[in-house]
Every structure is written in structure tokens, then in C-alpha cells.
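Please read it alongside the sequence.

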Amino acid sequence: MNRPLGVTVSRHILDSQRMHPEATGELSGLLSELIVAAKTISAEVNMAGLADVIGLSGKTNIQGESVQKLDEFANNTIKKRMARCGYVCAMTSEEEDDIIPVAECYEGKYTLAFDPLDGSTNIDVNASIGTIFSIHRRRSSLTIGQGTIDDLLQKGTAQAAAGYIIYGSSTMLVFSTGEGVHGFTLDPSVGEFFLSHPNIQIPDRAKYFSINEGNTAYWDENIRRYIAYIKEVNKQDGRPLSGRYIGTLVADFHRNLISGGIFLYPKDSKDANKLSGKLRLLYEASPFAYLIEQAGGRAITGDGRNILDIEPESLHQRVPLIIGSKYDVDMVEDFLLGRR
Ligand code: P6P
């Protein structure tokens, strides 16, 4: 069968590198290695129902969450491959308490923060899950050797690249190096990602809202007011919005990015570690905020801060996250700051 001569992700990366004569090719090399890890994880995820990888590994991570076997596989796959890729000097993972060193003599000029398998509670029910990554340059290009926690604790605005892989009805890679957001779909028969969604722009107004309404009793009153508002019937104003909540940030974000939507995980008083939100800054909120701003949307905390401007204080720091179509994120901010 004659396949369309699609643009592979490798060709896309090299084409964008050629646009920058000063580029050394290291970021391209890092992304290419990360893509090999993603393909490896995708193959395992797609086998999860058949092979003995479903179920708990019996361990718990720093978040106090039970670690699923696929979590562990995804974490080890990325950690081992990137530790020897030669482009990274330090890493942090949702599954690891501390900074992850790279192999001696393989230190590079970038750092990598990642959530190896986001939405792992959805593994056993065959709902979409994903991998999230965020890449920074080390603070001092004059430094060599292992990176430090300071190299990892950098603002979202300083990211060199960010993206995710969604293991859904098809496996897709969506990422940006600061020149737009581009989506690639894996053709498993040839094992290659092909450009399928060039220059993704999020619709300015949301069609969907995504929030776990089981937490309603624990929200700030202004969040409750906003959710009630978008449920009111006002056809002229495009209300009510449709509710969609998969419970995997990657999947909820991806649907909203393509169709227009707003995702909210505000702080709530359900338990102590959610008083500043549930989602983590370095490898969840920050990479998605980078992508959404590249795609014409917004990402805020709801207390007056843009996600990308937050100076990280710890590797697993949590933040409230309100992200998606600009019109709707602006409106939530108005509700939360008492302007509506
Ligand atoms: P809740 C998955 O565990 C996750 O970290 C995100 O992917 C998702 O958006 C969120 O938690 C779901 O949390 O409290 O609604 O189950």
C-alpha cells in the first residue's frame, strides 16, 4: 500500500534545527532519544491487557500513591535511556523522591523533568494515559558535570521544550520548542511518528469544562460560583458548556487543546496536601502551560499568578491549575479575583 510521504518527527526536528544555524543539534538529539523511550512505553502500554504488567508493584512513590507496574516500567525506561543520551545533566521524575543523576561522562547541557505515566489509576480500566516532559537548559552553560537541583528548579518561561505522549486510541506525541505546537501520530506498523496536527491552536472559547465535581464541597466559593455560571442555560452565550473529565490530565488537556476547553484543578480543602492544589508544577503544570501559551491559550493558578512565572521551590511542588481557552481562563480569573 502506498503510504503518503508524511513528515516524520525526526525530519520535523531537523528542519526546525536547520532554521537555527547556531543550533548544536543537542536538543534534537535529546528529543530523538526521548521519542525512542516513548515508543518503548507505547508498545508496553498497548500490551498491558495481555502481558503481566497490569496491577500494583507493591511500592508507593513520594506522592504516597501506589506505584503501578507500568509506572515503574515507564519511569525506568526514560531514566535509563536519558541517563546515557549525553544531552542531559540532571533529571526529576514524579516517581523519584530526589534528583536523578546521569551517567558519569555522559553529562549534557539540558535538564529533564517528567511524569513517566500520568493517569496511572486509569491503566486497569483501559482509559487514556500519558507521559509528560519538560526540558530546560542548565543554568550555566560554562558548567560541566552533574546538574544540580538549581538547574531543575527553573521557571516555566525558561523551558527549551515541553510536550507529552498520549497513549489513547492512537499514540500521539505533541510538543513545542517555542515555535508552535505540533502533533505527531504513531504508525505502529512502521514504528514512526508522522506529522498529523501541524501548528495546533486552541479555540479561543471552550466547548468543554473539565473538573472533578466530587470535590465541590471542598472548593473556594468563587470556583463554585463559576461552575454554576457555566452550567446556566444561555444559548446566546454558548452556555451550558459540556462536562468532560477523564481523570488523566494528559487526556483532558489534549481534548481541550484540540476542541476548545478549560481544565480546572483548583486548591481544595479535602486533605492537607491539596491546600495548594494537587498537580505538580515542574512536570505537569509548567509543561502544559508552555504548550497552551504557544497554542494561544492561558494557564493560571487562580490567585493572580501565571503558571509560567512561578519560581519553583521544590521538585514536587504542587500548584492549583486552571488551563485552556483564553476567554474562559480569563473569566475564571475574574470570578476568583472578585471581578465578577
Ligand atoms: P482526581 C492523575 O492521577 C492526576 O495526577 C492527573 O492526571 C489528573 O488530572 C488528576 O490526577 C485527577 O485527580 O483527584 O480528580 O482523581
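**Aromatic groups and ligand site**

One aromatic cluster is formed by Y164, F253 and F288. The model is a predicted one.

**Aromatic pair Y226 and F335**

- Y226 and F335 pair edge-to-face, with 5.5 Å from centre to centre and 70 degrees between the planes.
- Y226 belongs to helix α5 (residues 221-231) and F335 to helix α8 (residues 326-336), so this pair ties together parts that are 109 residues apart in sequence.
- Y226 counts as buried because its relative accessibility is 0%, where the cut-off for buried is under 20%.
- F335 is also buried, at a relative accessible area of 5%.

**Aromatic pair Y245 and F263**

- The pair of Y245 and F263 is stacked, with 15 degrees between the planes and 6.4 Å from centre to centre.
- Y245 sits in the loop between β11 (242-243) and α6 (249-259), while F263 is in strand β12, so the pair ties together parts that are 18 residues apart in sequence.
- Y245 is partly exposed, with a relative accessible area of 34%.
- F263 counts as buried, since its relative accessibility is 3%.

**Ligand shell**

- The ligand is surrounded by 13 residues, and the closest are D118, N212, Y245, L249 and Y265.
- By class, the residues of this shell divide into 5 nonpolar, 4 polar and 4 charged.
- β12 (261-265) and β13 (279-280) each supply at least two residues of the shell.

**Polar distances to the ligand**

- Y245 has a side-chain N or O atom 2.5 Å from an oxygen atom of the ligand.
- For Y265, a polar side-chain atom lies 2.6 Å from an oxygen atom of the ligand.
- In the side chain of K278, an N or O atom is 2.9 Å from an oxygen atom of the ligand.
- On its own the ligand has 400 Å² of accessible area, of which the protein covers 83%.

**Surroundings of E96**

- E96 is located in the loop between β3 (88-93) and β4 (110-118).
- The side chains of E96 and N75 are joined by a polar contact of 2.8 Å.
- With neighbours within four places in sequence left aside, E96 is in contact with N75, K79 and H316.

Key:
Residues are numbered from 1 along each chain as its sequence is written. This is a predicted model: local features need pLDDT of at least 70, side-chain atom pairs count only at pLDDT 80 or more; totals for chains, interfaces and linings use all residues. Side-chain values use heavy atoms; hydrogens and water are left out. A residue is near a molecule or strand if one of its heavy atoms lies within 4 Å of it. A polar contact is a pair of N or O atoms within 3.5 Å; within protein, one must be able to donate a hydrogen and the other to accept it, and residues adjacent in sequence count only if both atoms are side-chain atoms. Accessible areas come from the Shrake-Rupley method with a 1.4 Å probe; for residues, only the protein chains shown count as cover. Helices (H or I, at least four residues) and strands (E, at least two) are DSSP runs, numbered from the N terminus. Ala, Val, Leu, Ile, Met, Phe, Trp, Tyr, Cys and Pro count as nonpolar, Asp, Glu, Lys and Arg as charged, and the others, Gly among them, as polar. Contact means heavy atoms within 4.5 Å. Rings of Phe, Tyr and Trp (its six-membered ring) pair if their centres lie within 6.5 Å; planes under 30 degrees apart count as stacked, over 60 as edge-to-face and the rest as tilted. Buried means under 20% relative accessible area, exposed over 50%, partly exposed in between (1.4 Å probe, protein chains only).
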